[in-house]
Amino acid sequence: MKAVTLKAPGGLENIIVSEIADPGRPGKGEIRVAIKASSLNYHDLIVASGQFPTQDGRILLSDGAGVVEEVGEGVEAFSVGDHVVSTFFPVWPAGKPTPAVGGFAHTPGDGIDGMASEYVVRPENAFTHAPKGWSHTESATITTSALTAWRALVTDGQLKAGETVLVQGTGGVSIAALQIAKAMGARVIATSSSDEKLAVVRELGADETINYKTTPEWGDKVLELTQGFGVDHVVEVGGPATLHES
């Protein structure tokens, strides 16, 4: 099968589309998934560029969505044909983080092989069910960007309807935060250096937009738009998110 791998010590020139062995059938507690879509996040760029050193030949990309092709002995959470999406910390299913979560030793595309391959065989906790009705492309955006935005706004920020959220830039986390905030009844102000991108975020529901290149005192503009009160939440996480579907 084909996979996108990284030759040590990293660098975009060392990304290779490789022919590697098919992972075969799942063992006990494992599932085999045909990967249909992946998303590209800033974390993946950091690994690929060599800023986070990883094993020679590492399969890239932390996020992937696809279809369960086979389940191993003892697997109860999944059935053949289920649509699934990968998890960023497979060893952290719930509760408080444990020492094993520290760093990215168990994160796909970093400490372990990632999702940029046609098929993967992984323990069942490496995946969760995709939202019903979502395409594989949509589901592939959840793992890194959407969960980061959700944790920032909802889990930690305790976002409430009627509050105002400032999203800075148009990376994956900001786009997810915009949509989550609007779905929860918040007002959203978005910033970017591109009028074209600001037009897109308006289509996604942003109430106000600011081009910080043409409005360098954009903080004053935010105060003006909020009658001097400022915003309740700021989402400022860099990094683009683009999609690939197979």
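**Exercise 1. Work out how helices α3 and α4 pack.**

Start with the geometry: the axes of α3 (residues 142-156) and α4 (residues 172-183) cross at roughly 55° and come within 8 Å. Axes here are lines fitted to C-alpha atoms over the stretch in contact, with angles from 0 to 180 degrees between N-to-C directions. Helices (H or I, at least four residues) and strands (E, at least two) are DSSP runs, numbered from the N terminus. A quick word on the model: it's a predicted one, where local features need pLDDT of at least 70 and side-chain atom pairs count only at pLDDT 80 or more, while totals for chains, interfaces and linings use all residues. Residues are numbered from 1 along each chain as its sequence is written, and side-chain values use heavy atoms, leaving out hydrogens and water.

Next, classify the angle. Under 35 degrees is roughly parallel, over 145 roughly antiparallel, 65 to 115 roughly perpendicular, and the rest oblique. So α3 and α4 are oblique to each other.

Then get the handedness: the crossing of α3 past α4 is right-handed, meaning that the near helix is turned clockwise from the far one by less than a right angle.

Finally, list who touches whom, with contact meaning heavy atoms within 4.5 Å. On the α3 side there are S145, A146, T148, A149, W150, L153 and V154, and they meet G172, V173, A176, A177, I180 and A181 in α4. That contact splits into ten nonpolar, three polar and no charged residues.

**Exercise 2. Is W134 buried, partly exposed or exposed?**

Locate W134 first: the loop between β8 (127-129) and α2 (136-139). Its relative accessible area is 40%, so W134 is partly exposed. Setting aside neighbours within four places in sequence, W134 is in contact with S139 and I142.

Notes: Ala, Val, Leu, Ile, Met, Phe, Trp, Tyr, Cys and Pro count as nonpolar, Asp, Glu, Lys and Arg as charged, and the others, Gly among them, as polar. Buried means under 20% relative accessible area, exposed over 50%, partly exposed in between (1.4 Å probe, protein chains only).
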